[in-house]
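Me: Please take a single part of this model and go through it closely. I would like one connected account in plain words.

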Amino acid sequence: MKQFVLASLLAGSVAMPAMADYTIIAPANPGGGWDQTARTMQTVLQEEGISKSVQVQNVPGAGGTIGLAQFASQNKGNPDALIVGGYVMVGAILTNNSPVSLKDVTPIARLTGEYEAIVVPAASPIKDIAGLIESLKADPGAVSWAGGSAGGTDHIAVGLIAKAAGVDPTKINYIAYSGGGEALAAILGNQVTAGISSLGEFDAQIKAGTLRLLAVSSPERIAGADAPTLKEAGLDVELQNWRMVAAAPGLSDEQKAKVTADVEKMVKSENWQKQLADKGWSDTYLSGADFDAQLEKDVTSTGTVLKDIGLVK
Amino acid sequence: MGAFDFLMQGLATAAEPMMLLYALIGVTLGTAVGVLPGIGPALTVALLLPVTYRLDPAGSLIMFAGIYYGGMYGGSTTSILLNTPGESASIITALEGNKMARKGRGGPALATAAIGSFVAGLIATLLLAFLAPSIVKVALVFGPREYFALMVLAFVTVSAAFGDSALRGLTSLFLGLALACVGIDQLTGQARMSFGVPELLDGIEVTTMAVAMFAIGEALFIAGQKNQQDDEVTAVKGSVWMSRSDWARSWKPWLRGTFLGFPIGAMPAGGAEIGTFLSYATEKKLSKHPEEFGHGAIEGVAGPEAANNASAAGTLVPLLTLGLPTSATAAIMLAGFQQFGLQPGPLLFATNPTLVWGLIASLLIANAMLLVLNLPLIGLWVKLLTVPKPWLYAGILLFATLGTIGANPSSFELGMLLGFGVLGYVMRLFGYPIAPIVVGLILGPMAEQQLRRALAISQGDWTVLVQSPIAATLLGIAALALIVPLILRARGKGQVLAQLGGDED
């Protein structure tokens with residue numbers, strides 16, 4: 001009897017407020033960027049009182065496409081389910097021929113983003129981005145690039161750079177590592193010609209002088225990073241590795257607005273801004289029609305690049 | 001202030017009563033979550049990290065250190081008692097540890113694992129404290145070709161160490177290698193042998209395979225035996241504590257395991273598993289009781305467990321000196337540090353010595369706390385084995401299933417668990433060793449990727465593999481390990497070797 005009373009009390013207290021109990025799917029293993037984004041959201045949503053209880057669930061695999069497929073099929077019309085994703089997912093959907101795409105979920109907002117950095121080991125004879133491009137033009141195969149997973153942001157960036165420099169993108173010698181960290185070890189150990197990953201991965205090493213920063217993929221120079229943009233170097237490449245949050249498919253406009261409002265409240269909170277600063281992520285919040293348009297654009301351009309590199313037929 | 005003063009200062013802070021309480025809470029939580037099969041240290045730390053956010057930096061670090069070591073140790077407990085390794089680094093522990101447990105020697109097995117973990121953790125943490133910057137320089141010399149040579153060495157020594165029939169061992173190994181090909185190819189991003197099944201895109205999960213092979217396969221095997229009385233599980237035979245001979249047989253493996261595990265753990269692509277494989281193979285070679293291997297040799301628990309823990313401290317070397325997280329657990333730790341504005345990297349020891357040494361002191365304290373918590377619990381844990389066999393195995397099946405579902409919530413994963421469980425049963429039935437298949441699944445992709453990376457960088461020039469002195473030396477040792485037994489066998493000593501080989505199951 002006691003349990004029954006307790007249970008009904010609990011049920012009653014849960015049912016009363018209009019607060020959502022979110023479940024966030026992190027379509028990756030614990031520790032990665034998506035997992036950290038999901039767990040940061042969990043902390044902020046709870047601490048700011050936007051949601052009473054937030055669960056994070058890891059569904060790892062295949063650039064997030066496994067988590068995405070599971071999310072889309074199991075949560076139709078569920079306004080409490082969220083999934084974290086990002087630019088890497090856009091590429092993975094195309095390379096893996098995933099049956100489920102971002103069209104099958106309800107993208108809510110872009111949350112954070114990082115720009116790519118091109119580096120060489122301090123001991124490298126290559127002094128600037130022009131020098132690297134020269135070597136690339138002379139013999140594309142002789143320039144080995146270490147970066148994250150095949151078909152991911154880093155790989156796409158190299159493909160874009162080659163294309164912009166007038167080099168056949170299928171000839172690039174890209175050495176894929178499971179992440180920026182493992183690639184960093186290869187660059188520091190002088191195993192490869194150049195490295196490419198998010199600026200944050202290399203930041204400490206650049207400051208310590210063990211890596212030389214050649215260029216960044218942002219539209220304008222980044223404060224604190226002593227390097228030109230790719231555009232300044234005459235390469236028409238601009239790329240941001242962004243992370244987003246999406247809701248389940250089949251939501252009503254009202255439900256979508258509610259989720260968007262909750263996410264916006266989270267992003268605008270001081271707590272969120274502090275978490276971003278601690279982690280070195282920049283706030284690239286974008287929602288609504290602007291985000292939908294940007295997403296559309298990214299999907300199209302990524303498809304073209306992946307075809308050029310030869311990863312997608 | 002020198003390194004030593006910083007360490008002493010850190011230890012003084014960490015030894016305050018409140019801090020010791022936090023350490024105890026951390027170790028308890030870590031162990032409690034870590035014993036759930038299928039939940040490895042990475043997930044344990046991810047789940048419990050938010051708990052530490054409420055505390056001040058010192059308290060948070062020490063609790064975190066407790067969770068980290070507790071989670072590591074919890075995995076070994078289930079490996080030994082229930083044959084369900086929670087993560088790939090404790091697979092080897094299950095081999096001998098569970099055999100010991102079923103012979104009534106679960107107490108000594110758990111004790112040698114706990115004390116070995118402590119000894120390894122202690123030595124490795126001190127090495128980390130004083131040698132990290134020089135170790136990382138050596139570790140960075142390891143490029144794809146050196147890693148490939150290391151993998152070849154691991155293959156040769158490990159496959160020689162399993163079972164008395166080379167043919168069966170190799171069959172099992174190659175089955176593992178074949179299964180390792182399933183999934184997205186790391187270097188090109190293309191799916192291989194996944195037959196359009198999305199769950200197969202990421203390959204076969206090592207822990208699912210290990211739990212299936214070890215736990216499910218065995219439960220089926222036990223259930224399939226006609227005479228249930230034959231293999232009675234004795235919970236406690238003799239003392240639950242380590243005897244004098246257990247100590248004598250354990251201390252050298254602890255030290256050897258530490259010195260194998262630490263440097264490999266410090267290598268950015270080394271990982272914890274290879275250290276445990278090499279340690280197991282080494283102990284089997286050096287043991288005075290090689291006939292006991294496969295039937296519960298204490299060296300086979302002591303060495304790999306020490307290697308496993310030493311590599312956990314080794315992982316912190318690239319993390320603290322380069323800001324380079326080389327394992328999922330390390331990546332979560334990185335996130336944990338960032339909440340204090342601590343940015344691991346080459347400048348960390350110079351810019352933030354108090355926190356770094358605080359962490360190292362916390363690790364030492366947590367390590368000791370783990371021993372304090374777990375030694376008295378051993379008596380309780382082994383009671384688990386007095387549970388009647390049908391119940392025990394039903395429980396194992398339940399936990400194995402829950403763990404798999406918990407780590408990877410999909411019905412396909414569950415199907416794989418059961419499918420591989422049946423495969424494990426069939427392999428046991430026909431006397432094929434099951435460890436090599438798991439070893440193949442772990443080492444296969446690593447060896448393949450490193451080889452292909454080396455060849456991509458050299459643009460297809462195979463001689464690059466022997467041009468580096470380190471790679472050439474490792475390959476040379478591997479060749480010797482392969483050829484010497486063949487020569488011995490050819491000279492008529494084959495019988496001796498076969499006897500030494502022992503039967504795994």
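Reply: A crossing of two helices is right-handed if the near helix is turned clockwise from the far one by less than a right angle, and left-handed if it is turned anticlockwise. Two packed helices are described by the angle between their axes and the distance between the axes.

Chain B has 20 helices and two strands. Of its 505 residues, 59% count as buried. Taking contacts in chain B between residues at least 6 apart in sequence, 80% join residues at least 24 apart.

One helix pair is helix H9 (residues 206-224) of chain B with H17(B). Their axes come within 7 Å and cross at roughly 55°. Angles under 35 degrees count as roughly parallel and those from 65 to 115 as roughly perpendicular, so H9(B) is oblique to H17(B). The crossing of H9(B) past H17(B) is right-handed. On the H9(B) side, the residues that meet H17(B) include B:Thr208, B:Met213, B:Ile216, B:Gly217 and B:Phe221. On the H17(B) side, they include B:Glu413, B:Phe420, B:Gly421, B:Tyr425 and B:Arg428. By class, this contact has 13 nonpolar, five polar and two charged residues.

Another pair is helix H2 (residues 17-34) of chain B with helix H4 (residues 57-82) of chain B. These two pack at an angle of about 30°, with their axes 6 Å apart. Angles under 35 degrees count as roughly parallel, and H2(B) and H4(B) are therefore roughly parallel to each other. H2(B) also makes a right-handed crossing with H4(B). The residues in contact divide into 17 nonpolar, 11 polar and no charged.

A further pair is H6(B) with helix H10 (residues 244-266) of chain B. The axes come within 8 Å and cross at roughly 35°, and this crossing is right-handed. Among the residues of H6(B) that meet H10(B) are B:Pro108, B:Gly116, B:Ile123, B:Leu127 and B:Ala139. Among their counterparts in H10(B) are B:Asp246, B:Trp254, B:Gly257 and B:Phe262. The contact has 13 nonpolar, six polar and one charged residues.

A single residue shows how separate stretches of the chain come together. B:Thr13 is found in helix H1 (residues 3-14) of chain B. Leaving out residues up to four places away in sequence, B:Thr13 touches B:Met19, B:Ala58, B:Gly358 and B:Ala361. B:Thr13 and B:Ala361 are 348 residues apart in sequence, but their C-alpha atoms are 8.6 Å apart in space. A residue needs 20 or more other C-beta atoms within 10 Å to count as buried, and 12 or fewer to count as exposed. B:Thr13 has 19, so this residue is partly exposed.

B:Gln459 lies in the loop between H18 and helix H19 (464-467) of chain B. With 12 other C-beta atoms within 10 Å, B:Gln459 is exposed. Most residues other than glycine have a negative phi. B:Gln459 is not a glycine, yet its phi is positive, at about 55°.

Chain B also touches chain A. The contact takes 43 residues from chain B and 44 residues from chain A. Helices H3 (41-52), H6 (106-141), H12 (299-322), H13 (328-338) and H18 (435-457) of chain B each supply at least two residues of the chain B side. H13(B) gives the most to that side, with five residues. The chain B side divides into 27 nonpolar, 13 polar and three charged residues.

The last point is confidence. The predictor gives the complex an ipTM of 0.76 and a pTM of 0.78. The mean pLDDT of chain B is 80, and 86% of its residues reach 70 or more. Among the elements of chain B, helix H17 (residues 411-429) has the highest mean pLDDT (91), and helix H14 (residues 348-351) the lowest (69). Over residues 499-505 of chain B, pLDDT stays under 50. Where pLDDT is low, the predicted coordinates should not be read in detail.

Note on methods: Residues numbered from 1 in each chain as written. Chains lettered and ligands numbered in written order. Predicted model: local features only at pLDDT ≥ 70, side-chain atom pairs only at ≥ 80, totals over all residues. Contact = placed C-beta atoms within 7 Å. Helix = DSSP H or I, 4+ residues; strand = E, 2+ residues; numbered from the N terminus. Nonpolar A, V, L, I, M, F, W, Y, C, P; charged D, E, K, R; others polar. Axes fitted to C-alpha atoms, helices over the stretch in contact; angles between N-to-C directions. Parallel < 35°, antiparallel > 145°, perpendicular 65-115°, else oblique. pLDDT = per-residue confidence, 0-100.
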